[in-house]
Amino acid sequence: MGSKVADLLYWKDTRTSGVVFTGLMVSLLCLLHFSIVSVAAHVALLLLCGTISLRVYRKVLQAVHRGDGANPFQAYLDVDLTLTREQTERWSQQIASHVVSTATQLRHFFLVEDLVDSLKLALLFYILTFVGAVFNGLTLLILGVIALFTVPLLYRQHQAQIDQYVGLVTNQLSHIKAKIRAKIPGTGALASAAAAASGSKAKAE
């Protein structure tokens, strides 16, 4: 599944990626002007008209003795969609793991387990208030889809240069984060105590 998504975003199959990208963009642009109920109803109606027309066409060919009248979608109807017990358990475990991980992260940030991390999240939300004043959620979603289908391809084509600049920015952010931690009362002491405890444990072992 992951490799298929990667192939889609890297435009390995130009036709498939183009169809998916165009479909997503048309759907999102329609949502800018019409309600989601109207768009969903029109898309479903268009899909049904296409499948019904193809089914009737096969029946007409059978009536004039130029076909067997078989359902053109029979191969898809024969696909077994049931999940085995092992598959159900595996999916359940994965979902539960993601839920627990998300809850742990939310607790970490909102209950201020690490002051610096909570401050960074607060800064992010503060920036998003300005972003929300300029763009609505649907506009951001459209920009996100465009980025998904362009950024990975650009990164692969210019990976060396991008990695170099990202490394420089990461180093600067690490220095800034270290300075902030040093100036916050108690944070530096806790980090030093944790490092000392880890060192003592390693020596004892």
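Visitor: Between which helices does the loop with Val112 lie?

Guide: Happy to, and keep in mind that this is a predicted model. Val112 sits in the loop that runs between helix H5 (85-110) and helix H6 (115-134). Take a look at its backbone: phi is positive there, about 55 degrees, although Val112 is not a glycine. How covered up is the residue? Val112 counts as partly exposed, because its relative accessibility is 44%, and partly exposed is the range between under 20% (buried) and over 50% (exposed).

Now hop over to Trp11, in the loop between helix H1 (2-9) and helix H2 (14-33). Trp11 isn't a glycine either, yet its phi is positive, near 60 degrees. With a relative accessible area of 24%, Trp11 is partly exposed too.

One more loop residue is worth a stop: Val64, found between helix H3 (36-63) and helix H4 (74-77). Val64 is partly exposed as well, since its relative accessibility is 47%. Val64 also belongs to a nonpolar surface patch, together with Leu48, Ile52, Val56 and Val60. Put together, the patch has about 440 Å² of accessible area.

For a contrast, head inside. The largest nonpolar core has six residues: Leu9, Met25, Leu28, Ile142, Val145 and Phe149. H2 and helix H7 (137-157) are the elements that each give two or more of them, and H7 provides the largest share, three residues. Zoom in on Met25 here: setting aside its neighbours within four places in sequence, Met25 is in contact with Ile142, Val145 and Ile146.

Terms used
Residues numbered from 1 in each chain as written. Predicted model: local features only at pLDDT ≥ 70, side-chain atom pairs only at ≥ 80, totals over all residues. Heavy atoms only, no water. Patch = residues over 30% accessible without salt bridge, like charges linked within 9 Å, V, L, I, M, F, W, Y side chains within 5 Å. Areas by Shrake-Rupley, 256 points an atom, 1.4 Å probe, with all protein chains shown as cover. Salt bridge = Lys/Arg side-chain N within 4 Å of Asp/Glu carboxyl O. Helix = DSSP H or I, 4+ residues; strand = E, 2+ residues; numbered from the N terminus. Buried < 20%, exposed > 50% of the residue type's maximum accessible area, 1.4 Å probe, protein only. Core = buried A, V, L, I, M, F, W, Y, C linked by side-chain atoms within 4.5 Å. Contact = heavy atoms within 4.5 Å.
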